[in-house]
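Visitor: Please take me through one part of this protein in close detail. I would like to see how it sits among its neighbours.

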Amino acid sequence: MAKCPFAKQMKISGSSGTFTSGPFKIVHHTTEGGTAEGAFDAFRQHKSDPHFTVDATTIFQHIDTGEAGRALRNAPGGVQTNRDSAIQIEVVGFAHRPKTRPTLENVRRLCRWIEKQHGVPRVWPNGPPKPAVNGQDPGGHNRDAATWDKKGGHYGHSNVPENTHWDPGYTQTEVDFLMLADANESLESIEFDSIILEDPGLADDVSRMPDHGDPNPATPLETPRPARKPRARKPAAKSRKGSAAAAEPS
Ligand SMILES: [Zn+2]
């Protein structure tokens, strides 16, 4: 339904299906790594693609915004997450680190396009994401499921029901910067002087949320099931061949 005209198209795993419910919303993640390439490897490995990956130079689009992404956990029962009209952005960086101005400018530009394209209001129905406290998960995230299902707007991964991750960890200043109407509005505000222009430490840092790459870690449990059936059949087939064990098959 929609490809962003200023994004670099880059399909990885494809969509997780059609949207099933909900008004359109924008979900903000951090990749929990220092490079876009590292994030792409994780998406490939876990089939956990968002719609967009954004760094300081480039906006990549992996999935059409008319179809569902893959970066959220979806528990059996409850509300839909990926398929609840959630358009997902993975910001290259870490929940516990400040985000750079060039990256935030790209995210902001993309958000304004998604809002216009899909009628997403510029509000945070479960509140803005909480920033890290002493570099760690601050806890106490509002993940209200009814709000998520019924209200369009912006959500952090930290504000999505059935999920435990606390990214993107935006500060209030970063949220204010992202919510500016356009690139010319209020950029002279002294508040935004605190936003860093670059982050030399980004590439060498490690995530404090190491399982972020796999939104559905429970899925490997499904693989032993089909393996059990052939194992159970083999002994039965063998015993039929042996004429001496004629009593056994029954
Ligand atoms: Zn996330």
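Guide: Strand β2 is mostly covered: six of its six residues are buried. Buried here means that 20 or more other C-beta atoms lie within 10 Å of the residue's own; 12 or fewer counts as exposed, in between as partly exposed, and C-beta atoms are placed from the backbone. Strands are DSSP runs of E with at least two residues, helices are runs of H or I with at least four, and both are numbered from the N terminus. This is a predicted model: local features need pLDDT of at least 70, side-chain atom pairs count only at pLDDT 80 or more, and totals for chains, interfaces and linings use all residues. Residues are numbered from 1 along each chain as its sequence is written.

Both faces of β2 are covered. On one side sit K25, V27 and H29. On the other sit I26, H28 and T30. In a regular strand the side chains alternate between the two faces of the sheet.

Now the partners. Two strands pair if DSSP finds at least two bridges between them. β2 (residues 25–30) runs parallel to β5 (residues 86–91), and six bridges join them. In that pairing, H28 stands opposite I89, and H29 stands opposite E90. β2 also runs parallel to β6, with four bridges. There, I26 stands opposite H154.

The largest nonpolar core has 26 residues, and I26, V27, V54, I89, V107 and L110 have the most contacts inside it. A nonpolar core is a set of buried Ala, Val, Leu, Ile, Met, Phe, Trp, Tyr and Cys residues joined through C-beta atoms within 7 Å. The elements giving two or more residues to this core are β2, α1 (36–46), β3, β5, α2 and α4 (172–178). The largest share, five residues, comes from α2. V107 touches V54, I89, V91 and L178, leaving out residues up to four places away in sequence. Contact means that C-beta atoms, placed from the backbone, lie within 7 Å.

Look at α2 itself. Its buried residues are T103, L104, N106, V107, L110, C111 and I114. They cover an arc of only 155 degrees around the axis, which puts them on the same side of α2. That arc is taken from the directions from the helix axis to the C-beta atoms. These buried residues pack against β2, β3, β4, β5 and α4. Just after α2, G119 takes a positive phi of about 65 degrees.

Finally, the setting. The protein has five helices and six strands. Buried residues make up 37% of its 250 residues.

How values were computed:
Two residues are in contact if their C-beta atoms, placed from the backbone, lie within 7 Å.
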